[in-house]
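Here is a short tour of one model, told through its rings, its sheet and a few single residues. Have the sequence and the 3D view open as you read.

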Amino acid sequence: MGAQTRVGRWSLAAVVALACAAQLAVLASKDVLILEWRPTDLAAIALNYYRSGFHFLYPQVLWGGAGPGYVEMEFPLVPYSIAVLYAVFGVHGWLALVWPALSGIGLVAVVYAFARRFYGPLAGLVAGVFAATAPTWVDMTTGLWPDAPPVFFGALGLYWLSAWAEGDAHWGLVLSACCVSLAILLKMTSLYLGLPVFFLLWQKYQGGWWRTSQAWLFALVALVPSVLWYGHAYGLFLRYSNTFGILGGGYLKFATAALLTSPRFYLRTFLRLLLFHVTPLGGLLVAVGLASRIDRPDQMLLPVWLGTIVLYLLVAAQGVDMGHAQYALPLVPPCAILAGRGFVAIYRRLDALLSARSHVVSRVVGMVVVGLLAANAAAANYGYQTRGTGFRKLSRQKMRTGVAVATRTPPGALIVVVDGDMNGRAPERSMTPPEVFYFSDRRGWYRAMAWLTNESIDGLRLRGAAYLVVSANDAGAFRRDYAGFYREYARRYQLIMDNEDGILYALGDGPGHANAR
């Protein structure tokens with residue numbers, strides 16, 4: 001156990017520094033900080049808070065038509081705090097990344113403390129390394145995604161609750177309940193935390209847990225704020241019809257029988273999780289950690305926590321199958337802790353074998369281990385950042401359209417954005433691509449190309465729509481597959497733009513192609 005005693009106070013600082021370095025390395029490769037669906041939506045909501053008076057209970061999107069755009073969404077703490085930073089420091093894109101970045105670094109510290117308390121300082125160090133370099137975690141904490149803060153608060157809540165379960169300090173119970181409450185407020189799917197919480201309560205009180213005031217206090221603090229907020233948010237949907245798909249609509253991500261019986265789903269999901277969430281070496285260490293002997297009862301929390309997340313991934317199988325990394329982000333903390341446990345188990349075996357060998361052999365083995373950890377992290381992050389998902393490329397095209405629209409339309413003009421993203425979905429089960437609205441800084445409506453009719457556009461004109469925009473990512477498909485609308489709109493309206501940046505019509509009688517450029 002020599003390495004256990006040599007790992008001292010510097011180890012926490014080391015893993016935090018590694019997390020910062022990993023974030024900076026990814027940020028250095030980005031020329032656009034805010035991109036893709038949810039980041040641009042959250043950035044737009046932050047701007048609306050900043051411009052419209054900081055009314056916390058009424059988050060606003062840009063795609064709410066001619067109305068105020070109040071939207072059903074998760075607890076808007078992140079965009080609201082960004083708006084506060086805008087008020088203090090000015091509107092800068094990097095300020096929007098403060099919350100995700102702090103959550104990323106904070107989780108590394110929580111994972112380190114968790115693994116250290118359960119398995120020793122060496123396990124804490126290794127767990128922190130894996131959390132700091134997990135590709136999906138680094139990516140989600142260097143963009144304005146809403147998924148990192150609830151994972152951080154959920155892990156912190158379980159840490160405080162496990163510490164409370166070992167003793168009787170009520171402050172640990174209260175802190176845990178507050179953290180779990182925040183996690184559920186920020187992401188309703190954090191309800192999966194209920195099973196690990198139940199395990200810790202059962203471990204402390206056994207079958208009498210439900211008769212304790214502590215359990216009911218925890219439930220009240222953890223759940224009542226979410227009931228109040230999501231009830232209010234649903235009311236916004238009923239009144240204004242805008243939603244992020246919390247309770248009021250959007251497309252569903254729940255599993256289907258076909259998906260759950262598909263070997264392809266399991267193979268693809270396993271490979272994605274292994275390569276980009278856990279990493280190959282991390283997956284090996286997690287397996288060793290799960291197979292290692294349980295030294296004390298509270299260590300069963302880790303397999304319970306991990307098993308609950310696997311169950312949640314099966315429930316949300318459609319979202320997982322889409323390849324959206326955020327669905328599996330909760331895997332990072334328990335897998336990092338188990339990887340630390342697995343590393344310690346392997347180290348103990350090697351230490352026993354090498355104890356009679358020379359110090360030179362021990363140093364060589366140590367250097368090989370460090371090299372493997374570095375190579376594993378570098379290869380996994382490179383593979384993730386260069387993977388061909390196309391999401392960021394499509395978002396760049398929409399950004400280009402939005403910037404072009406901003407220069408060709410007057411401020412405050414209402415627009416109709418058209419693309420093919422939701423062609424396969426009915427309007428009531430669709431979501432709204434927000435990038436063109438955000439980068440043009442214009443409000444308006446979204447319509448999939450498959451929903452278009454002359455009557456629907458005429459109706460939007462009567463409601464104030466002044467321009468129709470076809471995004472660059474689908475402008476070619478519009479010209480080819482919807483040629484009738486393409487020609488009809490050019491005949492009826494003024495064609496202002498028709499190029500690689502997209503298509504833009506002024507929705508009024510005009511001279512057709514005379515002003516096209």
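Ser456 is found in helix α21, where helices are DSSP runs of H or I with at least four residues and strands are runs of E with at least two, numbered from the N terminus. At 22% relative accessibility, Ser456 counts as partly exposed, because buried means under 20% relative accessible area, exposed means over 50% and partly exposed is in between (1.4 Å probe, protein chains only). From the C-alpha atom of Ser456 to that of Val108, 348 residues away along the chain, the separation is 51 Å.

A word on the ground rules: this is a predicted model, with local features needing pLDDT of at least 70 and side-chain atom pairs counting only at pLDDT 80 or more, while totals for chains, interfaces and linings use all residues. Residues are numbered from 1 along each chain as its sequence is written, and side-chain values use heavy atoms, with hydrogens and water left out.

**The sheet and its helices**

Helix α21 (residues 454-462) lies across β1 (414-419), β2 and β3 and runs at about 135° to β3. Contact here means heavy atoms within 4.5 Å; axes are lines fitted to C-alpha atoms, for helices over the stretch in contact, and angles run from 0 to 180 degrees between N-to-C directions. Helix α23 (residues 483-492) also packs on the sheet, where it touches β3, β4 and β5, and its direction makes about 40° with that of β5.

The sheet itself is open, with five strands in the order β2-β1-β3-β5-β4 and mixed pairing; two strands pair if DSSP finds at least two bridges between them. At the edges sit β2 (443-448) and β4 (494-499), each pairing on one side only. On average, neighbouring strands of this sheet are turned by 20° against each other, direction ignored.

How do β4 and β5 run, and how many bridges join them? They are antiparallel, with five bridges, and a hairpin of two residues links β4 to β5. Asn499 has Gly502 in β5 as its bridge partner. Although β4 is an edge strand, five of its six residues are buried. On to β3 (residues 465-470), which pairs with β5 (residues 502-506) in the antiparallel sense over four bridges. Tyr467 stands opposite Ala506 in β5.

**Rings**

The structure holds 32 aromatic pairs. Rings of Phe, Tyr and Trp (its six-membered ring) pair if their centres lie within 6.5 Å; planes under 30 degrees apart count as stacked, over 60 as edge-to-face and the rest as tilted.

Tyr49 lies in helix α3 (residues 37-52) and Tyr80 in helix α4 (residues 77-89), so their pair ties together parts that are 31 residues apart in sequence. Tyr49 is buried at 3% relative accessibility, whereas Tyr80, at 22%, is partly exposed.

What separates Phe114 from Phe118 along helix α5 (residues 98-119)? About one helical turn, because they are four residues apart.

**Two loop residues**

Asn242 is in the loop between α11 (213-240) and α12 (257-260), and at 6% relative accessibility it counts as buried. Its side chain reaches the backbone oxygen of Tyr70 at 3.1 Å. Leaving aside residues up to four places away in sequence, Asn242 touches several residues, including Trp63, Tyr70 and Phe237.

Ser292 occupies the loop between α14 (280-291) and α15 (301-315) and is buried, with a relative accessible area of 15%. A polar atom of the Ser292 side chain lies 2.7 Å from the backbone oxygen of Val288. Beyond residues up to four places away in sequence, Ser292 touches Arg341 and Ala345.

Note on methods. A polar contact is a pair of N or O atoms within 3.5 Å; within protein, one must be able to donate a hydrogen and the other to accept it, and residues adjacent in sequence count only if both atoms are side-chain atoms.
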